[in-house]
Structures are given as structure tokens and as C-alpha cells.
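Reader: Hi, I've got the file open and I'm new to this. Can you walk me through it?

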Amino acid sequence: MNETQNWRDLYFTSRDGLRLHARHYPAPGASRRPVICLPGLTRNCQDFHRLALDLGDPRGHRRDVFTVDYRGRGLSEHDKDWRNYTPLVESLDVIDLMTLAGLDDVAVIGTSRGGIIAMILAVMRPASLAAVVLNDIGPELDRAGLIRILGYVGKIPVPNTWEEATDTVRSMSRKAFPAVSDADWEVVARSWFLDLNGA
């Protein structure tokens with residue numbers, strides 16, 4: 001972790017040998033239970049950056065926060081076997097992270113697919129989870145939401161500039177989120193897309 005960065009990158013090996021990535025937002029001296037944030041289907045650990053900073057703020061009730069890049073997302077290695085892109089396998093990856101980081105008695109925040117994974121974790125490791133927050137998911141999957149997701153998964157063109165990325169994200173989502181400002185759409189775009197060495 002450098003002076004301008006509020007997190008440290010964690011790389012760990014899954015039980016089937018993939019190199020996976022997570023972020024740890026440390027809160028030295030914190031006595032409250034840590035939080036693990038689990039993103040949606042096509043998302044990554046950057047979705048929780050602002051929340052992680054707020055949860056670790058020294059002016060509040062500080063706690064360590066961990067955010068996860070599932071296999072094939074963010075900075076995690078891609079799995080060559082498409083059958084491993086399931087909530088069950090991704091739950092096992094989260095358990096691997098918990099073991100590596102020595103996490104127990106955690107709070108989990110799960111958005112969409114992350115909420116499904118949180119529910120699986122609650123069944124597999126009930127004593128390890130003290131609290132679960134489900135966001136954009138419930139006991140019933142909404143057909144309209146699934147259709148919307150199917151409409152963009154694997155179909156988003158790779159932008160050439162951050163301006164193109166912002167336009168893509170805005171055009172996909174502004175109908176559902178009309179109050180989001182142009183500046184915030186750019187923040188969202190920078191969390192959806194990676195710029196690795198200008199490529």
C-alpha cells in the first residue's frame with residue numbers, strides 16, 4: 001500500500017489453482033467486525049471503493065473492509081473452464097480469501113450475484129458470518145432484471161477512451177438511474193473498465 005492508496009492489493013490462489021485478487025482497506029486498531037463486499041455478476045471490487053473508505057473512516061466506527069474480484073473479473077485470473085463460473089465455485093473462492101486473511105465473524109455485503117454468494121456462504125459457513133446485507137437481490141429473481149442483464153453481458157464494446165467508456169456506461173444505465181451526474185458516470189466507467197498500461 002503506497003501513501004496515495006487507501007487499500008492494499010491481495011493476491012491469493014484458489015483451491016483449483018487460479019490467481020485471484022481482492023482489496024483490503026485496513027483500519028489499524030479497529031475493534032469492529034470486518035466487512036467483505038461481494039459485487040454483482042459482471043462487476044469488480046472497485047464498486048465498493050467509496051463504501052470501503054466510509055467504513056474505515058477514523059471519524060466513524062472503523063473496520064477493515066475486503067472487496068473481491070471473482071475469477072475472470074477485475075484483476076483476477078480467468079478460468080479456462082466456463083463451468084466454474086458459478087456462485088458455488090465463487091463462494092469457495094471467497095472462503096479461500098477468508099481463510100488466507102484469517103476472517104471470521106464477518107459482515108458480508110452482497111450486491112446482486114454477490115447476494116446469492118452471501119446466502120450460499122451463510123449455508124456453508126454459518127458460524128463465520130455475523131451479519132449479511134443483501135443489495136439488489138432477494139428471495140425471488142426478477143425476470144425483467146434478468147432480461148436486462150442478458151442484454152449486455154458479453155456484448156459491451158471495448159472503449160478506446162475514458163470518454164467512450166463513460167458514454168457507454170451512461171447510455172446503458174441512465175434510464176434506471178436518471179439522477180446520476182456526468183461526473184459520477186465517469187467514476188462508474190472507471191470501475192467497470194480497466195486501463196492496463198494504456199491498453
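This is a predicted model: local features need pLDDT of at least 70, side-chain atom pairs count only at pLDDT 80 or more; totals for chains, interfaces and linings use all residues.

Reader: Which residue is the bridge partner of alanine 107 in β6?

Author: Alanine 131.

Reader: And how do β3 and β5 run?

Author: They run parallel, joined by four bridges. Cysteine 37 stands opposite isoleucine 109 of β5.

Reader: Is β5 mostly covered or exposed?

Author: Mostly covered. Six of its six residues are buried. Val106, Val108 and Gly110 point one way from β5. Ala107, Ile109 and Thr111 point the other way, and all of these are buried.

Reader: OK, zoom out. What is the strand order in the open sheet?

Author: There are six strands, in the order β1-β2-β4-β3-β5-β6, and the pairing is mixed.

Reader: Which strands stand at the edges?

Author: β1 (8-13) and β6 (129-135). Each has a single partner strand, so one side of each is left without a neighbour in the sheet. From one strand to the next, the twist averages 25°.

Reader: What packs on the sheet?

Author: Helix α2, residues 87-101, packs on it. This helix touches β1, β2, β3 (35-38), β4 (65-69), β5 (106-111) and β6. Its direction makes about 115° with that of β1.

Reader: Where does helix α3 lie?

Author: Across β3, β5 and β6. Helix α3 covers residues 113-124 and runs at about 155° to β6.

Reader: Back to β1. In what sense does β1 pair with β2?

Author: Antiparallel, over six bridges, with β2 spanning residues 19-25. Leucine 10 has alanine 22 in β2 as its bridge partner. Phenylalanine 12 stands opposite leucine 20, also in β2.

Reader: How many residues sit between β1 and β2 in the hairpin?

Author: Five. Glycine 17 is in that turn, with a positive phi of about 95°.

Reader: Which residues other than glycine have a positive phi?

Author: Aspartate 105 is one of them, with phi near 55°. Another is serine 112, at about 55°. For context, most residues other than glycine have a negative phi.

Reader: Where are those two?

Author: In loops. Aspartate 105 is between α2 and β5. Serine 112 is between β5 and α3.

Reader: Is serine 112 buried or exposed?

Author: Buried, with a relative accessible area of 18%. The cut-off for buried is under 20%. Aspartate 105 is partly exposed, at 35%.

Reader: New topic. Where is aspartate 69?

Author: In strand β4.

Reader: Which side chain of opposite charge is nearest to aspartate 69?

Author: Arginine 23, 6.7 Å away.

Reader: What does its side chain reach, then?

Author: The side chain of aspartate 69 reaches the backbone nitrogen of cysteine 45, at 2.7 Å.

Reader: Which residues does aspartate 69 touch?

Author: Leaving out residues up to four places away in sequence, aspartate 69 touches His21, Asn44, Cys45, Gly74, Leu75 and Ser76.

Reader: Great, I'll look for those in the viewer.

Notes: Residues are numbered from 1 along each chain as its sequence is written. Side-chain values use heavy atoms; hydrogens and water are left out. Two strands pair if DSSP finds at least two bridges between them. Axes are lines fitted to C-alpha atoms, for helices over the stretch in contact, and angles run from 0 to 180 degrees between N-to-C directions. Contact means heavy atoms within 4.5 Å. Buried means under 20% relative accessible area, exposed over 50%, partly exposed in between (1.4 Å probe, protein chains only). Lys and Arg count as positive and Asp and Glu as negative; His and the chain ends are not counted. A salt bridge is a side-chain nitrogen of Lys or Arg within 4 Å of a carboxyl oxygen of Asp or Glu. A polar contact is a pair of N or O atoms within 3.5 Å; within protein, one must be able to donate a hydrogen and the other to accept it, and residues adjacent in sequence count only if both atoms are side-chain atoms.
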